Amino acid sequence: HLIALVNDLLDLEKLRAGQLDMRVTQFDLEDVIDAAVDAVYSQADDLMISVIFEGCEGKISADQDRLQQAITRTLEALLQLCGQGETINVTVTMVAASVGKAYTIAFNSENLFVPAAVLPKLFEPFQPIELASGSISLSLGLPLARAIVLGHGGTCGASQNDGLSLW
């Protein structure tokens, strides 16, 4: 865990400084999301949390490894926030873009409630997050995911409607 934390910290600082090279290739988005879901499967199973991704169609031009890293870190953060028996749904929608195609990858847990005042803190490193179940720190997962998405020209955020949604 310590090595992963150090690597995430280095990646985050390089991204913030604009010094992390992105190796942009074209690939199937579904393959990357499947790999990220597979990467957290054991952790989710141990916590009795279901991660549901029913697939998607479409090719994307991005840094495949970094995008998988962002999706994996987002799922890991949600696993920390969710309780036993929860379900995390991963959905993909194509959105209009000024150049080519763009996709929104959304992560939703219907029974997870995060107070509105806490939502902006989700993307700040090492911020204590106060929930009904207690206080936790999400470490660098969501800040790193956000930096990767921004580095690709995308957007990232959180909302509380039907449960917690991250995109």
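## Helix H4 and its end

Helix H4 is followed by Gly 153, a residue with a positive phi near 85 degrees. The model described here is predicted: local features need pLDDT of at least 70, side-chain atom pairs count only at pLDDT 80 or more, and totals for chains, interfaces and linings use all residues. Residues are numbered from 1 along each chain as its sequence is written, and side-chain values use heavy atoms, with hydrogens and water left out.

Helices (H or I, at least four residues) and strands (E, at least two) are DSSP runs, numbered from the N terminus. The buried residues of H4 are Gly 141, Leu 142, Pro 143, Leu 144, Ala 145, Ala 147 and Ile 148. Here, buried means under 20% relative accessible area, exposed means over 50%, and partly exposed lies in between, for a 1.4 Å probe and protein chains only.

## Helix H3

Helix H3 covers residues 64–81, 18 residues in total, and reaches 26 Å from its first C-alpha to its last. This is close to the 26 Å expected at 1.5 Å a residue, where the expected span is 1.5 Å times one less than the number of residues. The helix is mostly covered, with 13 of its 18 residues buried.

At the start of H3, a side-chain oxygen of Asp 63 comes to within 3.1 Å of the backbone nitrogen of Asp 65. A polar contact is a pair of N or O atoms within 3.5 Å; within protein, one must be able to donate a hydrogen and the other to accept it, and residues adjacent in sequence count only if both atoms are side-chain atoms.

## The largest pocket

The largest pocket holds about 720 Å³ of space. Its lining consists of 29 residues, and Ile 60, Tyr 103, Val 149, His 152 and Gly 154 lie nearest its centre. Strand E3 (59–63), H3, strand E5 (101–109) and helix H4 (141–151) are the elements that give two or more residues to this lining. E5 supplies the largest share, six residues.

Grid points are joined across faces, edges and corners, and the volume is the space filled by probe spheres set on the points.

## Loops and backbone angles

Gly 83 and Gly 85 both belong to the loop between H3 and strand E4 (87–96). Gly 83 is partly exposed, at a relative accessible area of 33%, whereas Gly 85 counts as exposed at 58%. Gly 85 and Gln 19, 66 residues apart along the chain, have C-alpha atoms separated by 41 Å.

Phe 126 has a positive phi of about 55 degrees although it is not a glycine, and it is partly exposed at 44% relative accessibility. Pro 115 is also partly exposed, at 29%; its C-alpha is 16 Å from that of Gly 83, 32 residues away along the chain. Met 48, in the loop between helix H2 (29–46) and strand E2 (50–53), has a positive phi of about 60 degrees although it is not a glycine.

## Packing and ring contacts

Leu 29 is placed in helix H2 and is buried, with a relative accessible area of 0%. Its C-alpha lies 5.7 Å from that of Lys 59, 30 residues apart along the chain.

The charged end of Arg 146 sits over the ring of Phe 123, 4.5 Å from the ring centre. Such a placement requires NZ of Lys or CZ of Arg within 6 Å of the ring centre and within 35 degrees of the ring normal.

How values were computed
1 Å grid on protein atoms, 1.4 Å probe; cavity = no way out; pocket = protein on both sides within 12 Å on 5 of 7 lines; lining within 4 Å.
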